Amino acid sequence: MAMKQQQTEKGSHVPQSVPETAKLALGQKTVELPVLTGSEQEKGMDISRLRDQTGAITLDPGFANTASCTSGITFLDGEQGILRYRGYAIEDLAEYATHSEVAYLLIYGNLPSLRELEQFAGKIAERYDLPDGMERIFDNFPKTAHPMAVLSSATAALSGYYPRLIHPTPTREEIDEILLTLLSQVPTIAAFGYRRRHGLPVIPPRRDASPVANFLYMMFGLPANQKEPDEVIVRALRQVFILHADHEQNCSTSTVRMVGSSRANAFAAISAGMGALWGPLHGGANQAVIEMLEAIYRDGGDFKKYVVMAKDKTSGFRLMGFGHRVYKNFDPRARILKAACDRVLGRLGVHDPLLDLAKQLEEVALKDDYFVSRKLYPNVDFYSGILLRAIGIPTDEFTVIFALGRLAGWLAHWREMLESPGFKINRPRQIYTGPTQRRYAPLSQRS
Ligand code: CMC
């Protein structure tokens, strides 16, 4: 039996049986595989019984063609450059929504009413302060510790202060409590980590400010003669958070689901997601982009030389901020951020030669057959680094900013997984290619 989706009252979709199957022939055996159709008509063959039916498994390095779950959170069409959270276009959310609205939407499935939003934001603000004693953790990291090391360790350590929330089968109320605690305290951890690393006194949170303004305030305090963080900067960071808030089954979100699937607690799962995000092929790319642009600039600005290097597989160099596993036309987030970069740098009166360099690099690469034929376009990280730099975020904190944005998505996926009926521990198979059985020889007999 194949499955199709049926729309429910609130716009979500539930699978419904229709007679569609795919046939797979393996040796003498032919099996029928159920075909699932998602709410946007994408199809997937259900191979969950394949090994029982045929003795064979599937191989898909990098999971490029494998859906690990069904999900109602984010839709992404890489060919058309479409990204929607719970059905809403990323362009609209980035322009009009607040960060809390988007977090609520991702987690609970619908945009909040004013009352729901106030309650949600209020509960987050109530929990900003870290538990007693937690601050001391930051003093024990060396000054050389990368901010992502501090963020992920302190997030895992947070579990130690909430023993009643780390059991394997949290109730709905406990899940809410966990979500609110993490949404509230991870930004505080990020800010306190930054302050301590730079030998600065921590700045306690401000409950009267928006979450984004509060975060900026805890990081940098207020500029002289200003009562609030700069509105242009708050708006830019809000957009960055929203654009990074979810991206379906990317490496870090899959990691959160992987770790959470063993029923490890959410603090551990989110901390693991942060570890996955840190890599330069994923969230660490924003830091890598700026470091690359700085290196090109220091080297005299000859970007064409770097385009040649990126095409040469033996150079080990890639154009950071280019390419994406799913987007094969353009990354809608990059478009929004490119425009935001121009706007914010213009308003702040910043001239950044790295932005000029980035634009020249983009122009050359987009005309080059190597990049065109492989469908390699600037991704979200290509311009986010320049924007974050313009609003005063230090380069090594960029991935932390990505993590703060993605936190809502990670939590939405963790909750969705826990609440999906009969979910299982994630445990992929492998095709073993090592030696076949050998006899152990004692050390004295080995040559
Ligand atoms: N520069 C030069 N060549 C590249 C690049 C690049 N940035 N990205 C991919 N290629 C080439 C790659 O060498 C391969 O060529 P060939 O077919 O001749 O072997 C082809 O394009 C396909 O690349 P791939 O590595 O098989 O593609 P993937 O889907 O496994 O990797 C990626 C996607 C994003 C990891 C990769 O494009 C990359 O390393 N980009 C640079 C790092 C980056 O910007 N990461 C941020 C991604 S967006 C933020 C996020 O959501 O995480």
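1. The centres of domain 1 and domain 2, taken over C-alpha atoms, sit 37 Å apart. Domain 1 covers 14-58 and domain 2 covers 74-415, with bounds that come from an automatic or database domain assignment. Keep in mind that this is a predicted model, where local features need pLDDT of at least 70, side-chain atom pairs count only at pLDDT 80 or more, and totals for chains, interfaces and linings use all residues. Residues are numbered from 1 along each chain as its sequence is written, and side-chain values use heavy atoms, with hydrogens and water left out.

2. On to the ligand. It has 21 residues around it, with H282, K313, R318, L319 and R325 the closest (a residue is near if one of its heavy atoms lies within 4 Å). Sorted by class, that shell holds ten nonpolar, five polar and six charged residues. Here Ala, Val, Leu, Ile, Met, Phe, Trp, Tyr, Cys and Pro count as nonpolar, Asp, Glu, Lys and Arg as charged, and the others, Gly among them, as polar.

3. Some polar contacts to check by eye (pairs of N or O atoms within 3.5 Å): R325 puts a polar side-chain atom 2.7 Å from a ligand oxygen. Of the 930 Å² of accessible area that the ligand has on its own, the protein covers 77% (Shrake-Rupley method, 1.4 Å probe).

4. Now the cavities. A cavity here is a set of points, on a 1 Å grid over the protein atoms alone, where a 1.4 Å probe fits but cannot get out; lining residues have an atom within 4 Å of a point.

5. What lines the largest cavity? The lining has 16 residues, and H99, I124, L183, P187 and P211 lie nearest the centre. By class, twelve are nonpolar, four polar and none charged. Helix α8 gives the most, with four residues.

Key: Polar contact = N/O pair within 3.5 Å; in protein donor to acceptor, adjacent residues only side chain to side chain. 1 Å grid on protein atoms, 1.4 Å probe; cavity = no way out; pocket = protein on both sides within 12 Å on 5 of 7 lines; lining within 4 Å. Helix = DSSP H or I, 4+ residues; strand = E, 2+ residues; numbered from the N terminus.
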